[in-house]
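Subject: Structure for you, plus notes

Hi,

Here is the structure I promised to pass on.

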Amino acid sequence: MRQKTELEAKEMCLATVYKENDDSVIFRNVARIDVDGRKLTLRDIMGEEQVLEGSILMVDLANSIVRLAVD
């Protein structure tokens with residue numbers, strides 16, 4: 001198995017986060033999601049944060065999509 005080059009290892013996987021009930025975009029270019037019970041903290045590549053109450057329904061890493069159920 002081939003090892004990743006340094007450049008390949010540094011590539012980011014950014015996601016667009018959608019609200020489940022109407023497919024509206026909640027946040028773009030999300031680099032990190034922290035979960036604490038029903039509290040979701042979304043952080044984008046610029047360090048901006050959004051805190052929501054809800055749950056993660058689906059994560060599609062191949063297409064950079066996260067779908068949430070939010071309160």
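Predicted model: local features only at pLDDT ≥ 70, side-chain atom pairs only at ≥ 80, totals over all residues.

**Overall layout**

The protein has one helix and five strands, and along the sequence they come in the order α-β-β-β-β-β. Of its 71 residues, 20% are buried. The exposed surface comes to about 5300 Å², with carbon and sulfur atoms supplying 48% of that. As for how far the chain reaches back on itself: take the contacts between residues at least 6 apart in sequence, and 26% of them join residues at least 24 apart.

**How the strands pair**

Strand 5 (residues 65-70) turns up in both of the pairings I have for you here. With strand 1 (residues 15-19) it runs parallel, over four bridges. If you want a spot to look at in that pairing, Tyr 18 has Arg 67 of strand 5 as its bridge partner.

With strand 4, strand 5 pairs in the antiparallel sense, this time over six bridges. Here Ile 56 stands opposite Leu 68 in strand 5. Strand 4 itself covers residues 49-60, Ile 56 included. The hairpin made by strand 4 and strand 5 has four residues between the strands, and Ser 64 takes a positive phi there, near 55°.

In soluble globular proteins, nonpolar side chains tend to be buried together. In this model the largest nonpolar core has 10 residues: Ala 15, Val 17, Ile 26, Phe 27, Val 30, Leu 40, Leu 42, Leu 52, Val 66 and Leu 68. Strands 1, 2 (25-36), 3 and 5 each give two or more residues to this core, and strand 2 gives the most, with three.

Leaving out anything up to four places away in sequence, Val 30 touches Cys 13, Leu 14, Ala 15, Val 17, Arg 43 and Asp 44.

Thr 16 is in strand 1. With a relative accessible area of 16%, Thr 16 falls under the 20% cut-off and so counts as buried. Beyond residues up to four places away, Thr 16 touches Val 25, Phe 27, Arg 28, Ser 64, Ile 65 and Val 66. Ser 64, the residue with the positive phi in the hairpin, is therefore one of the contacts of Thr 16.

Thr 41 lies in strand 3 (residues 39-44). Its relative accessible area is 11%, so Thr 41 is buried as well. Outside four places in sequence, Thr 41 is in contact with Arg 32, Ile 33, Asp 34, Glu 49, Gln 50 and Val 51.

**Salt bridges**

Side chains of opposite charge can pair when their charged atoms come close. Here the count comes to five salt bridges. Which residues are linked in a network of them? The members are Arg 32, Asp 34, Arg 43 and Glu 49. Going through the links:

- Arg 32 and Asp 34 meet at 2.9 Å, N to O.
- Asp 34 also bridges to Arg 43, with the closest N and O atoms 3.8 Å apart.
- Arg 43 and Glu 49 meet at 2.7 Å, N to O.

The 3.8 Å link counts because a salt bridge here needs nitrogen and oxygen within 4 Å, so keep that in mind if your own cut-off is set elsewhere.

Are these residues buried, exposed or partly exposed? Arg 32 is partly exposed at 45% relative accessibility, and Asp 34 is partly exposed at 26%. Arg 43 is partly exposed too, at 25%, as is Glu 49 at 43%.

**A nonpolar patch on the surface**

Last one: Val 35, Ile 56, Val 59 and Leu 61 form a nonpolar patch on the surface, with about 370 Å² of accessible area together. Ile 56 is partly exposed, at 35% relative accessible area.

Cheers

Conventions
Residues numbered from 1 in each chain as written. Heavy atoms only, no water. Salt bridge = Lys/Arg side-chain N within 4 Å of Asp/Glu carboxyl O. Buried < 20%, exposed > 50% of the residue type's maximum accessible area, 1.4 Å probe, protein only. Contact = heavy atoms within 4.5 Å. Patch = residues over 30% accessible without salt bridge, like charges linked within 9 Å, V, L, I, M, F, W, Y side chains within 5 Å. Areas by Shrake-Rupley, 256 points an atom, 1.4 Å probe, with all protein chains shown as cover. Pairing = 2+ DSSP bridges. Core = buried A, V, L, I, M, F, W, Y, C linked by side-chain atoms within 4.5 Å.
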